[in-house]
Amino acid sequence: MPKRKLTAEAVIFDTNQRILLVRQGASRQQWELPGGKVKKREALNAAIFREVLEETGLACVPEQLLGIFYITDENIYDFLVACRLDDPNPKPRPRPPEIIHCAFFPIDRLPQPIRPFTVDRIKDALNGITHPLPVEITSDQWLE
């Protein structure tokens, strides 16, 4: 089994209920929630703040854990966190080469390609659905 990893993703809506998404550069070309690896000895809130700032240039405030998803075949715990922005008029800026585009999107017009996992997590956040215990999924369910 691979070494255990921790990742974190931020669910951030603007004042118009649009969702913040990023598009990866060299690796996956999909639209995703901002986030990434939690570094060794890094707190979850600090990792979320750092990743969102690195990927979009926006400072966020982590507020609520929405769920933990355990990707069984890769031994990854992915933390999904609802965050807010203090800036009422945020202007996300991508950070190439890792992130080639970032923007807020209306929920009914999400960009493509986007993972079903990401769409489901956005819907969960909108509907107030949280997952109090880790949800076991495969990497296929997570990445495709």
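**Cores, sheets and buried residues in a predicted model**

The largest nonpolar core has 21 residues. Val 11, Ile 19, Leu 21, Leu 33, Phe 105, Leu 110 and Ile 122 touch the most other members. A nonpolar core is a set of buried Ala, Val, Leu, Ile, Met, Phe, Trp, Tyr and Cys residues joined through side-chain atoms within 4.5 Å. Buried means under 20% relative accessible area, exposed over 50%, and partly exposed in between (1.4 Å probe, protein chains only). Two or more residues of this core come from each of strand S2 (19–24), strand S5 (60–71), strand S6 (76–85), strand S7 (99–105) and helix H2 (116–126). Helices (H or I, at least four residues) and strands (E, at least two) are DSSP runs, numbered from the N terminus. A second, separate core of 16 residues includes Ala 8, Leu 20, Cys 60 and Cys 83. In soluble globular proteins, nonpolar side chains tend to be buried together.

The model is predicted: local features need pLDDT of at least 70, side-chain atom pairs count only at pLDDT 80 or more, and totals for chains, interfaces and linings use all residues. Residues are numbered from 1 along each chain as its sequence is written, and side-chain values use heavy atoms, with hydrogens and water left out.

Residues up to four places away in sequence are not counted here. Leu 21 then touches Trp 31, Glu 32, Leu 33, His 101, Cys 102, Ala 103, Phe 105, Leu 110, Pro 111, Ile 114, Thr 118 and Ile 122. Contact means heavy atoms within 4.5 Å.

Five strands form an open sheet with mixed pairing, in the order S4-S1-S6-S5-S8. Two strands pair if DSSP finds at least two bridges between them. Strand S4 (35–37) and strand S8 (135–137) are the edge strands, and each pairs on one side only. From one strand to the next, the twist averages 30 degrees. Axes are lines fitted to C-alpha atoms, for helices over the stretch in contact, and angles run from 0 to 180 degrees between N-to-C directions.

Within this sheet, S1 (residues 5–12) and S6 run parallel and are joined by eight bridges. Ile 12 has Cys 83 as its bridge partner in S6. S1 and S4 run antiparallel, with three bridges. Here Thr 7 is partnered by Lys 37 of S4. S5 and S6 are also antiparallel, over 10 bridges. Gly 67 is bridged to Leu 80 in S6. S5 and S6 form a hairpin with four residues between them. Asn 75, in the turn, has a positive phi of about 55 degrees. S6 is mostly covered, with eight of its 10 residues buried.

H1 lies across S1, S4, S5 and S6, at about 65 degrees to S1. H2 lies across S1, S5, S6 and S8, at about 130 degrees to S5.

The other open sheet has three strands in the order S3-S2-S7, with antiparallel pairing. Strand S3 (31–32) and S7 stand at the edges with a single partner strand each, so one side of each has no neighbour in the sheet. Six bridges link S2 and S7. Leu 20 has Phe 104 as its bridge partner in S7.

Glu 9 is found in strand S1. Glu 9 is buried, at a relative accessible area of 6%. Thr 56 lies in helix H1 (residues 44–56). Thr 56 is buried, with a relative accessible area of 0%. A polar atom of the Thr 56 side chain lies 2.7 Å from the backbone oxygen of Val 52. Beyond neighbours within four places in sequence, Thr 56 contacts residues including Leu 20, Pro 34 and Cys 102.

The structure holds zero disulfides (a disulfide is a pair of cysteine sulfur atoms within 2.5 Å). For Cys 83, the closest cysteine sulfur is in Cys 60, 4.1 Å away and too far for a bond. Cys 83 counts as buried, at 7% relative accessibility. For Cys 102, the closest cysteine sulfur is also in Cys 60, at 13 Å, too far for a bond. Cys 102 counts as buried at 5% relative accessibility.

Technical notes: A polar contact is a pair of N or O atoms within 3.5 Å; within protein, one must be able to donate a hydrogen and the other to accept it, and residues adjacent in sequence count only if both atoms are side-chain atoms.
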